[in-house]
Amino acid sequence: MPRPIARVLALLELLQSGGIRTVTELADRLDVDERTVRRYAGHLVDLDVPVESVRGRYGGYRLAPGYRMPPLMLSDDEALAVLLGLVAGRRAGLTTATGTASETAAAKIRRVLPERLSRRLDAVLGSLAFTAPPGEVVAPESTVLLSVADAVNHHRPISIGYTNSDGRRSERTLHPHGVVAHSGRWYVTAADLTTGEDRTFRLDRITGVRTLPGSFEPPVGPDPAQRVLTGLATAPYRHEVTLRVQGTAGQIHTRLPAGVAIVEELPSRSGADPKTERWSRVELRVDRLDWLPAVLASLDRPFVIERPDELRGLVEALAERLAHSARRGPPHV
C-alpha cells in the first residue's frame with residue numbers, strides 16, 4: 001500500500017476512536033507536518049467520510065456524530081491477530097456453546113479480506129502446528145455467559161438454575177463476583193444466598209439466568225481467579241494429603257499448580273537462611289495417589305509426608321523401581 005494512502009487510513013482510524021483530535025496531535029501520530037494532516041483530512045472528505053473541522057483553541061478534527069464506517073477495516077497485523085486469536089481461543093476452550101461461532105467468524109473475516117492477504121493468512125494457519133493437544137472444551141451457553149458477566153459488572157444479584165456433578169438440580173440466588181476461565185472451563189465466583197456460603201459455579205451447568213432488582217457491594221479479599229484455584233484445590237476428594245516441602249510456594253507450584261495444591265510458606269527457623277532453608281506446608285485433595293510419587297520426585301526437594309501413610313509406601317515403591325532401573329545393565333544384543 002503506498003505510504004500516503006496508509007497514512008490517510010491511519011488518520012481515519014485515529015478519528016474513529018472518538019472525540020476531537022488536534023492537528024498537532026495528529027501530525028505527531030502520523031509523523032507528518034500539520035499542512036499534510038489538513039490535506040489528508042481533505043482526502044477523507046473527498047471519499048465521503050464526514051470529517052468535521054472544529055475551530056477554536058481546542059479545535060481540530062472529528063468524525064460527524066453517529067457516523068459508522070463499513071464493517072471491518074483491518075491491517076495485515078490486525079487480521080492475523082484476530083484469526084490467530086480465534087484459533088487459540090477454540091483450542092483453549094474459550095468459546096461458547098455455539099461451537100461453530102469462531103469458525104463462522106473466521107470465515108466472514110476471510111471473505112472481506114483482499115485476496116493477497118487472505119492467501120498469506122491461509123498459509124500461516126495451514127502451516128501452524130501446536131505442541132500440546134487441544135484441551136477439553138466444556139463451553140457455557142452464550143446467553144448464560146453474557147448475563148452473568150453483565151451482573152458481575154453492575155453488581156446485580158441473579159437467580160439461576162444449577163445442576164450439580166451428581167445431576168441434582170436446584171434454584172439458587174447469587175451475588176456474582178467474577179467470571180474466570182480455567183483449563184477449558186468457565187466459572188463464576190459468587191456468594192450463594194441460598195446456603196450463605198461463598199461458592200464457585202461452572203457456567204456450563206447454569207441455566208435460566210435472571211437478573212434481580214437491587215445491587216450489592218463486591219467483597220474484599222482474594223480476586224476471583226484465586227478463589228477458583230483455591231476452590232478447586234480444596235474440593236472434596238477421596239484422599240487428603242499433607243506434606244512439608246523444602247522450597248518456596250513459587251518453586252513448588254512449578255509441579256503442583258495452584259488449582260491442585262494449597263501452599264503455605266512456613267516461618268524460617270531462627271538463624272536459618274530463608275533462601276535455602278525455607279519450608280512450606282502443602283495440602284492436596286485427590287482421588288488417586290499413584291501419580292504423586294513421580295511429581296514429588298520431579299520437585300527434587302526434601303519433603304516430609306504427614307498424611308496419608310499409604311503415600312509413604314507408594315513413594316518407597318517408586319524409589320525401589322528407580323534404583324533397580326539404575327543398576328540394570330544394557331540388554332545383550
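The model is predicted, so local features require pLDDT of at least 70 and side-chain atom pairs count only at pLDDT 80 or more, whereas totals for chains, interfaces and linings use all residues. Residues are numbered from 1 along each chain as its sequence is written, and side-chain values use heavy atoms, with hydrogens and water left out.

**The sheet and its helices**

Helices (H or I, at least four residues) and strands (E, at least two) are DSSP runs, numbered from the N terminus. Two strands are said to pair if DSSP finds at least two bridges between them. Five strands build an open sheet in the order 6-5-4-3-7, with antiparallel pairing. Its edges are strand 6 (197–202) and strand 7 (206–211), each of which pairs on one side only. Direction ignored, neighbouring strands of this sheet are turned by 45° against each other on average. Axes here are lines fitted to C-alpha atoms, for helices over the stretch in contact, and angles run from 0 to 180 degrees between N-to-C directions.

Six bridges join strand 3 (residues 158–163) to strand 4 in the antiparallel sense. Y162 has S170, in strand 4, as its bridge partner. Helix 7 (residues 142–154) lies across strand 3, strand 4, strand 5 (185–192) and strand 7, and runs at about 80° to strand 4. Helix 8 (residues 224–233) also packs on the sheet, where it touches strand 4, strand 5 and strand 6. The direction of helix 8 makes about 115° with that of strand 4.

H177 is located in strand 4 (residues 169–182). Residues are classed as buried under 20% relative accessible area, exposed over 50%, and partly exposed in between (1.4 Å probe, protein chains only). With a relative accessible area of 18%, H177 is buried. Contact means heavy atoms within 4.5 Å. Leaving aside neighbours within four places in sequence, H177 is in contact with V152, T189, A190, A191, D198, F216, P219 and P224. A polar atom of the H177 side chain lies 3.2 Å from the backbone oxygen of H175.

**Salt bridges**

A salt bridge is a side-chain nitrogen of Lys or Arg within 4 Å of a carboxyl oxygen of Asp or Glu.

| Salt bridge | N to O distance |
|---|---|
| E240 and R307 | 3.3 Å |
| R244 and E306 | 2.3 Å |
| E306 and R281 | 3.3 Å |

In the salt bridge of E240 with R307, E240 belongs to strand 8 (residues 239–246) and R307 to strand 11 (residues 303–307), so the pair ties together parts 67 residues apart in sequence. E240 is partly exposed at 37% relative accessible area, and R307 is partly exposed at 38%.

The salt bridge between R244 and E306 links distant parts of the chain, with R244 in strand 8 and E306 in strand 11, 62 residues apart. R244 is partly exposed, at 31% relative accessibility, and E306 is partly exposed, at 32%.

E306 also meets R281 in a salt bridge. Because E306 lies in strand 11 and R281 in strand 10 (residues 279–286), this pair ties together parts 25 residues apart in sequence. R281 counts as partly exposed, at 23% relative accessibility. Salt bridges with shared partners join R244, R281, E283 and E306 into one network.

Conventions: A polar contact is a pair of N or O atoms within 3.5 Å; within protein, one must be able to donate a hydrogen and the other to accept it, and residues adjacent in sequence count only if both atoms are side-chain atoms.
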